[in-house]
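Please look over the model below before reading on.

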Amino acid sequence: TSSAAPSYARETLQTRTTDEGGNDGYGVMFDIVANRPVEVHNIYLSGMQSYPMNIKIFTRSGSHYDAYDDISKWEVIQSYTNFTADTNGGRLSFPPQFIGVEQTRAFYIAIVETYGEIWPLLGGLLPGINYRDGIWANDTAINLMEGLKFFGISEEKPMGIGTTDSGVYLLEGPGGTSYNMKDARIEYSLADTIMPSTEPTTSVPPTISIVPSLGPTSSMSPSSSPSISSMPSGSPSSTPSISSEPSSVPSVSPSSQPSVSAMPSLEPSESSMPTSTPSKSPSSKPSAAPSDAPSVSSKPSSVPTTVPSAAPSVSFEPSASPTMSLMPTQSREFLESSTAGDRSGSFGVLFEVTAKRSILIQTFAVKHFGGNGFNFHVFTKSGSIGSSYSDASAWTKLGQASYGTLSSTLNNPVTLPSQNLSPVMLNAGETQSFYIACVGNYFRVHEESAGTVVENSDASIAAGLNKYPYDTLFHSS
């Protein structure tokens, strides 16, 4: 047989093109979801500056949604030093990255050094409208999802420090405005072909004898089925023949006497297939003891029970194909406190969060007035604030984040990096108190009556206390 050689031609997915000017950025992060098994080989970026730059390409199995600010969840697959778009044509190559059918792989292209130059992508990005589950470009094999862009990244901090001028840049936070590549190309190959053999296999056709042999053939092992001779023997055999296989055509009439085996079986016979028709009457002699294990039917009952079982059923066979969601279950949600009121300032604020469902609190976004020397410290305690606002021993520190300079317009509010804070798990109905303090500068608060609540379907925030002025983290006022 001969095998047709599979096609190894590279396929190309073209991203959105437009005559309008694009956006700048220092990094772009996105997911690719495969409809067929593929290997991604190259990404061609447009609008890159011609000056030398250092680039790192990261990837991870799964989505980027819960890893866009945690470099420990990524793997570097390629590094470029003094990359220039003029000599490389904007092509970024890396070892082939396999994506199985209905699986997701995230990519992050980070320009970590520009040697003092600015605008490395020079209009190579475009804004999207549906960050959560929007498809940026697709064909029959892959879906390129809407993604994120980054500013202010470096070799040491390839994902920035968690501000809009050093980290993820979104106009409305995660879940809002997205970004991805303009007029770019993703080059991949299909991975569901089979390697051909180096040479075709050749079968020698069997020979057919038209003259019967003079004597019978002998075999060390009996044949699995009886042989059929076109020429019957002239004399009957002295002993009856015995077949190891039952006849494929049983006799029409039953024998007058039942057959008797000279050797009974050592083990009772077992059927690999249950009877399709159960016995109509129960046995007159039921077994004395119950069976050791319950019977298992290869087919479901045609009449299911109307009462649910006390425990879930367990399948011994996996599903034919896994279920797939374009969005992970750990997508981030934001609950915003009141934005009304005046521009009050404080060095600290205490508040309470009550969960309506199980939630994981990972970070906080804090509004400010801009300036220098922001050093945020975040504490928590179980239950309400009560009288513990000045008791340092009642609180546990989650972490801290510092900023030399914050702009009142570009990075406001500032989202504290989640990798700097320990997450807090709350079950439905539980209340947790939080205390955010800032050493070196004050931030923005809204004056409200104690206990005023802002809520959504997941949780509620209750107004608490502010700390202004103070000279220690747990001042008595």
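Predicted model: local features only at pLDDT ≥ 70, side-chain atom pairs only at ≥ 80, totals over all residues.

Residues are numbered from 1 along each chain as its sequence is written, and side-chain values use heavy atoms, with hydrogens and water left out.

**The six-stranded sheet**

- An open sheet of 6 strands runs in the order S20-S19-S23-S16-S26-S25, with antiparallel pairing.
- Strands here are DSSP runs of E with at least two residues, numbered from the N terminus. Two strands pair if DSSP finds at least two bridges between them.
- The edges are S20 (396-406) and S25 (453-455), each pairing on one side only.
- From one strand to the next, the twist averages 25 degrees. Axes are lines fitted to C-alpha atoms, and angles run from 0 to 180 degrees between N-to-C directions.
- S25 pairs with S26 (residues 459-466) over 3 bridges, in the antiparallel sense. Within that pairing, Val 454 has Ile 461 of S26 as its bridge partner.

- S11 covers residues 148-151. Leu 148 and Phe 150 point one way, Lys 149 and Phe 151 the other way, and all are buried. Buried means under 20% relative accessible area, exposed means over 50%, and partly exposed lies in between (1.4 Å probe, protein chains only).
- In a regular strand the side chains alternate between the two faces of the sheet.
- S2 (residues 27-34) runs antiparallel to S11, and 3 bridges join them. Gly 27 has Phe 150 in S11 as its bridge partner.
- S12 (residues 167-169) also pairs with S11 in the antiparallel sense, over 3 bridges. Here Phe 150 is bridged to Val 168.

**Salt bridges**

- The count comes to 6 salt bridges. The rule asks for a side-chain nitrogen of Lys or Arg within 4 Å of a carboxyl oxygen of Asp or Glu.
- Lys 56 and Glu 155 form one of them, at 3.1 Å from N to O. Lys 56 lies in S4 (residues 53-61) and Glu 155 in the loop between S11 and S12, so the pair ties together parts that are 99 residues apart in sequence.
- Lys 56 is buried at 16% relative accessibility, while Glu 155 is partly exposed at 39%.
- Lys 356 and Glu 455 meet at 2.8 Å, N to O. This pair links distant parts of the chain, 99 residues apart: Lys 356 sits in the loop between S16 (348-355) and S17 (359-361), and Glu 455 in S25.
- Lys 356 is partly exposed, at 41% relative accessibility.
- Arg 60 pairs with Asp 66, the closest N and O atoms being 3.9 Å apart. Arg 60 is buried, with a relative accessible area of 15%.

**Polar contacts and buried residues**

- Thr 380 lies in S19 and is buried at 5% relative accessibility.
- The side chains of Thr 380 and Gln 432 make a polar contact of 2.9 Å. Such a contact is a pair of N or O atoms within 3.5 Å; within protein, one must be able to donate a hydrogen and the other to accept it, and residues adjacent in sequence count only if both atoms are side-chain atoms.
- The Thr 380 side chain also reaches the backbone oxygen of Ser 433, at 2.8 Å.
- Ser 388 is in the loop between S19 (371-382) and S20. Ser 388 is buried at 10%, and its side chain reaches the backbone oxygen of Ile 385 at 2.5 Å.
- Ser 418 lies in the loop between S21 (414-415) and S22 (424-426), and is buried at 12%. Its C-alpha is separated by 9.5 Å from that of Ile 361, 57 residues apart along the chain.

**Positive phi values**

- Asn 82, in S5 (residues 75-83), has phi near 55 degrees, a positive value in a residue other than glycine. Asn 82 is partly exposed at 45%.
- Glu 102, in the loop between S6 (91-99) and S7, has a positive phi near 60 degrees. Glu 102 is partly exposed at 35%.

**Surface patch**

- Ile 118, Trp 119 and Leu 122 form a nonpolar surface patch with about 330 Å² of accessible area together.
- Patches take residues with over 30% relative accessible area and no salt bridge, joining like charges within 9 Å and nonpolar side chains (Val, Leu, Ile, Met, Phe, Trp, Tyr) within 5 Å. Areas come from the Shrake-Rupley method with a 1.4 Å probe; for residues, only the protein chains shown count as cover.
- Ile 118 sits in the loop between S7 (104-113) and S8 (125-127), and is partly exposed at 46%.

Notes: Helix = DSSP H or I, 4+ residues; strand = E, 2+ residues; numbered from the N terminus.
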